[in-house]
Amino acid sequence: MQIQENLQQIKQEIPGNVKIVAISKTKPNEDIIEAYEAGQRIFGENKAQELIAKQPDLPEDIEWHFVGHLQTNKVKYLAPFVKMIHSVDKLKLLKEVNKRAKSENRVIDCLLQFHIAEEESKFGLDLEEAKDLINSDVFPQLENVRITGVMGMATFTEDEKQIRKEFKMLKNTFNFLKSGYFASEDHFREISMGMTNDYQIAIEEGATIVRIGSAIFGERNY
Ligand SMILES: *Cc1c(COP(=O)(O)O)cnc(C)c1O
């Protein structure tokens, strides 16, 4: 019952137009079902193998989001069902998603992941790399992917000012891309930022999607 209560509490705290991706990594399917029965439909995982193992046993109307670093050789396993990939950080990856989506007769939503944190370890594009990707010759031909916005992960820190600064940066990046490249595309409207420790700040700074794991499912044991 705890999962349902957690979800209800979070939903009360955040505006209705902000989507919650329930990050179920490391958690068993029974936990996912508990959240599902509480009305949650959008779930996210960060490891391809784990998602592939779980998905067939879970309700078909779950909207699966992939939020972790994605290797091109895993894309084919996700392409039949994944709704959105939050972690596109290379043209090569986007081309592979397009190719596999095409062979499934699907269009897969993708976010461009930006590196906004201080930690080097985190993945993501910078603005120049994003511009190069968008300006590349093949980009307009990728008809089976739809770029619906941006994603970023803030530094893991208690320093609220730092986190806020990084989220502002992502929001500015979104605005820049929107006005420069996607002004006529209504579906380019998502800003995926904010996790358990910083989703309130993210929403204040303009998040349209928050990715929440431990506040819903409890601490993870690795
Ligand atoms: C694990 C994870 C989350 C959720 O983390 P919590 O702190 O448990 O909310 C969000 N986004 C990504 C990319 C993750 O890997």
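Of the contacts in the protein with a separation of 6 or more, 60% join residues 24 or more positions apart, where contact means heavy atoms within 4.5 Å. The structure is a predicted model, in which local features need pLDDT of at least 70 and side-chain atom pairs count only at pLDDT 80 or more, while totals for chains, interfaces and linings use all residues. Residues are numbered from 1 along each chain as its sequence is written, and side-chain values use heavy atoms, with hydrogens and water left out.

The protein has 9 helices and 8 strands, these being DSSP runs (H or I of at least four residues for helices, E of at least two for strands) numbered from the N terminus. The radius of gyration of 17 Å agrees with the value near 17 Å that a compact globule of 222 residues would have; the radius is taken over C-alpha atoms, and the globule rule is 2.2 Å times the number of residues to the power 0.38. Along its principal axes, the C-alpha trace spans about 50 × 45 × 30 Å. The protein exposes about 11100 Å², of which carbon and sulfur atoms supply 46%, as computed by the Shrake-Rupley method with a 1.4 Å probe, only the protein chains shown counting as cover for residues. Of the 222 residues, 50% count as buried, a class defined by a relative accessible area under 20%, with exposed meaning over 50% and partly exposed in between (1.4 Å probe, protein chains only).

Rolling a probe the size of a water molecule over the atoms shows where empty space is left. A pocket is an open set of points on a 1 Å grid over the protein atoms alone, where a 1.4 Å probe fits, with protein on both sides within 12 Å along at least five of seven lines; lining residues have an atom within 4 Å of a point. The largest pocket holds about 860 Å³ of space, volume being the space filled by probe spheres set on the points, which are joined across faces, edges and corners. Its lining comprises 36 residues, of which Lys25, Asn46, Met153, Met195 and Arg220 lie nearest the centre, and the elements that give two or more residues to this lining are helix 3 (48-54) and helix 7 (160-181). By class, the lining has 14 nonpolar, 13 polar and 9 charged residues, with Ala, Val, Leu, Ile, Met, Phe, Trp, Tyr, Cys and Pro taken as nonpolar, Asp, Glu, Lys and Arg as charged, and the others, Gly among them, as polar. The second largest pocket holds about 150 Å³, and the residues that line this pocket include Val107, Phe139, Arg146 and His187.

Within strand 6 (residues 145-152), Thr148 counts as buried at 2% relative accessibility; beyond its neighbours within four places in sequence, Thr148 is in contact with residues including Met84, Asp109, Cys110 and His187. Ile32, in helix 2 (residues 29-37), is likewise buried, with a relative accessible area of 0%, and among the residues that Ile32 touches, not counting those up to four places away in sequence, are Phe43, Leu58, Trp64 and Phe217. Glu160, found in helix 7, is partly exposed at 43%.

Thr26 lies in the loop between strand 1 (19-23) and helix 2 and is partly exposed, with a relative accessible area of 34%. Asn105 lies in the loop between helix 5 (91-103) and strand 5 (108-114) and is exposed, with a relative accessible area of 73%.
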